[in-house]
Amino acid sequence: MSLMRTKSIEQSIRDSDEPGHDLKRSLGAWDLAIMGVAVAVGAGIFSVGAKAAANFAGPAVSVSFVLAAVTCGLAIMCYAEFASTIPVAGSAYTYTYATLGELLAWIIGWDLILELLAAGAVIAKYWGIYLSNVFSLFHVDVPTTLHFGPVAFDWGPFVIVAIFTVLLILGTKLSTMVNNVFTIIKVGIVLFVIIVGFTFVKAENFTPFVPPAQPPAGGGSVLTQSFLSFLTGSAPAQYGVFGIFSGAALVFFAFIGFDVVATSAEEVKNPQKNLPRGIFGGLILVSILYILTTLALTGMASYKDLAKAESPSLATAFVQVGAPWAAQVISVGILIGLTTVIMVLLMGLARVLLALSRDGLLPRWLSATSAKHKTPARLQLICGAAVALIAALTDVSWLEEMINIGTLSAFVLVSVGVVVLRRKRPELPRGYRVPWSPVLPIIAAVLCFYLMLNLTVESWIRFVVWLLIGFVIYFSYGRRHARVGLMNDPVRSRLADTERR
């Protein structure tokens, strides 16, 4: 059946060397580890933990981070095995195409576009907001929003996306060098904040470590309760054991960077060794930073006091303990942190679209790469323009949870795909193998799906709408133009090649 047709691994690797559609291998394990840290350590480390502590888990938010890290780690093991076996662009989409079939591959590719486009727009928007905060803290009177009649234009997000779009077009290695410098600076700021934060810790703030479950303030609504609560008919609640899981579903946003790293597989030197090393090295460092930050946060300020704030963050905790000067350091740290996140997300989005278009599921002309720089210049411009305009002209708050649901759905299919590939192609050389397969991949898939169920009903409704749009595109264009299908139809294949040129 054409909907379940797969693309062989050998064909994927051959396509990655196609002249005019190929990328340059220039990244090492260190570059990948820094890339993972760059995209994971952003505004989330200063804000998402505080929100999860205030509204869901209390001091047990550190456990939420551990759960999210373990879930991500299990899924990343599966990514590492795939990436070392099929070292080409496309990440979860490419892996699913080789194992579970074209329709599921399209769905996961479409989900990755949602994740990366939404994350890029949200982070760019926040960058503009924090740029305004930094200007205010240092008494620089520069308006960051321009008004053209009824249209409000935030120039900050537009400018930062434009800068990194140009850098990415000029070369992955160049943009990675810039990324490495910014990442080292922001990790230094995070460590400074953690050390200072621990000097304000009070043991009583950790009690009760798991606050008793209670109805949410305002009673909650059907759309804002978790999908699991909706399915089971449970009344909306916060805190308690289930609050820890809801907190884990929220803070999972902090770990989205590592599937983005896998999208760069085609640009990695010696990918069988460097991909697993880089991915796991970055994940370990990020997990340590997050857990230390949340311990400092919940030790500094009571979760009840954090819950009273309109938008709780690490800066809120420092203000509550009488150290408002830390807000300046945190604001600068966030601004630098978000800068590198934007770059990695823009790169990941272009690589996923490159893989989809190279396979014919989207127009093939999109996958053309620059002869000089070996980067997908057309796609990078399109991605940059889309992210910049969404961030500059719209309110992106409704996109935030869409990032998590897109990521988790990809993790589920990649985890299942490892088991399938082991059975279908056991002879393939693998630079890394998930231990205790199929047990660990199945556990990873179940945990990721469980976290998906802990996202809100509203997020699931938007997710279904996004999938429906994807089905329309696939059945009206992608299925008929897919190169896997055209290989068995020489006439259509020649027409497709003519169209591409």
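User: In which strand does Phe148 lie, and is Phe148 buried or exposed?

Analyst: This is a predicted model, in which local features need pLDDT of at least 70, side-chain atom pairs count only at pLDDT 80 or more, and totals for chains, interfaces and linings use all residues. Residues are numbered from 1 along each chain as its sequence is written, and side-chain values use heavy atoms, with hydrogens and water left out. Phe148 belongs to strand β1 (strands are DSSP runs of E, at least two residues, and helices are runs of H or I, at least four, numbered from the N terminus). Its relative accessible area is 53%, so Phe148 is exposed (buried is under 20%, exposed over 50%, partly exposed in between, with a 1.4 Å probe and protein chains only).

User: How are the rings of Tyr79 and Phe411 arranged?

Analyst: Tyr79 sits in helix α4 and Phe411 in helix α17, 332 residues apart. Both Tyr79 and Phe411 are buried. Rings of Phe, Tyr and Trp (its six-membered ring) pair if their centres lie within 6.5 Å; planes under 30 degrees apart are stacked, over 60 edge-to-face and the rest tilted. Here the centres are 5.3 Å apart and the planes at 65 degrees, so the pair is edge-to-face.
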